Amino acid sequence: MKLLSKSVNLNSNRGLSYNKMKNWYGNLVKPRTIPPPYKHITQIGDPTLRLKAQPVDVDTIKSVKVQKIIKQMRDVFEKYNSVGLAAPQIGVPLRIIAIGFSNGVMKQWSAEEIQARDMTLLPFTIVINPEVKITDYNKLVFPESCESVKGYWADVPRFKAVNLNGFNQNGEALNLETKGWLSRIIQHEMDHLNGTLYTDIMNRKSLTCGGWEIINERNGSVNLPYKPS
Ligand SMILES: [Zn+2]
């Protein structure tokens, strides 16, 4: 079956629509260049999300530069009401993750969901140069989303339990034995440090635009904010 006539040039078509899309986004806000660490979360397509992040020199953890990145990660984490954030998501290709599961977040889930996903609390925690050891190779499949793939979710298989070690923000060794949802969050953030997004490992047919019903109800008039109000 012939899909394209000879006169169609795929590359030039792609270029046109790419430029059209870029102009559309560009017209929304006046461009201004603020270097990373960003105060917003970057989106899929940003090359930094595809890099293998570099380890932090442990001697520099207390430096102004590293502490500024950590502070920015905490600010963004809190602003987005997040449960996990990796430094590449604010434009910094370093091996730093932030994880946490607060009471406020837990309350957004039903008792059944909390039990099925094995959700437990964890105070905000920074882990530098994190390393993961799988402690239960059984996999659980649950829907997962990512602030860097805004608006979507999909089913993603993850190991049931992992041990996490690394350094905290003061440069002290840290070790966390986790299971269930926390282990899922950790695996998701570790993937970010290796340039992997959940869309690479998801069950592809489950990819869902979270707003599809509202889009139908409102005849397509829906805006998606890329930063919390
Ligand atoms: Zn993510």
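Reader: What pattern does the chain follow, read along the sequence?

Author: In this predicted model, the chain runs α-α-β-β-α-α-β-β-β-α-α-β-α. That pattern is made of 7 helices and 6 strands.

Reader: How do you know which parts of the model the predictor is confident about?

Author: Look at pLDDT, the predictor's confidence in each residue, from 0 to 100. The chain averages 92, and 91% of the residues score at least 70. Residues 4–12 are another story: pLDDT stays under 50 there, and the model has 1 contact for them beyond four places in sequence.

Reader: Why is asparagine 129 called partly exposed?

Author: Count its C-beta neighbours: there are 19 inside 10 Å. Buried needs 20 or more and exposed needs 12 or fewer, so asparagine 129 falls in between and counts as partly exposed. This residue is found in strand 3.

Reader: And asparagine 219, is that one buried or exposed?

Author: Asparagine 219 has 7 other C-beta atoms within 10 Å. The cut-off for exposed is 12 or fewer, so asparagine 219 is exposed. You'll find it in the segment after helix 7 (212–217).

Reader: Which two residues does a cis peptide bond join?

Author: Proline 36 and proline 37, with omega about 5°. Proline 37 sits in the loop between helix 1 (10–26) and helix 2. For background, most peptide bonds are trans.

Reader: What makes a set of residues a nonpolar core, and how many residues has the largest one here?

Author: The members must be buried nonpolar residues joined through C-beta atoms within 7 Å. The largest such core has 31 residues, and Met73, Ala87, Ile96 and Ile97 have the most contacts inside it. Several elements supply at least two residues each, including helix 2 (64–79), strand 3 (122–144) and helix 5 (180–193).

Reader: Which residues does alanine 87 touch?

Author: Leaving out residues up to four places away in sequence, alanine 87 touches Ala53, Ile69, Met73, Val92, Leu94 and Ile96.

Reader: How much of the chain is made up of buried residues?

Author: Buried residues make up 25% of the 229 in the chain.

Reader: And what share of the contacts join residues at least 24 apart?

Author: Among contacts between residues at least 6 apart in sequence, 69% do.

Technical notes. Residues numbered from 1 in each chain as written. Predicted model: local features only at pLDDT ≥ 70, side-chain atom pairs only at ≥ 80, totals over all residues. Helix = DSSP H or I, 4+ residues; strand = E, 2+ residues; numbered from the N terminus. Contact = placed C-beta atoms within 7 Å.
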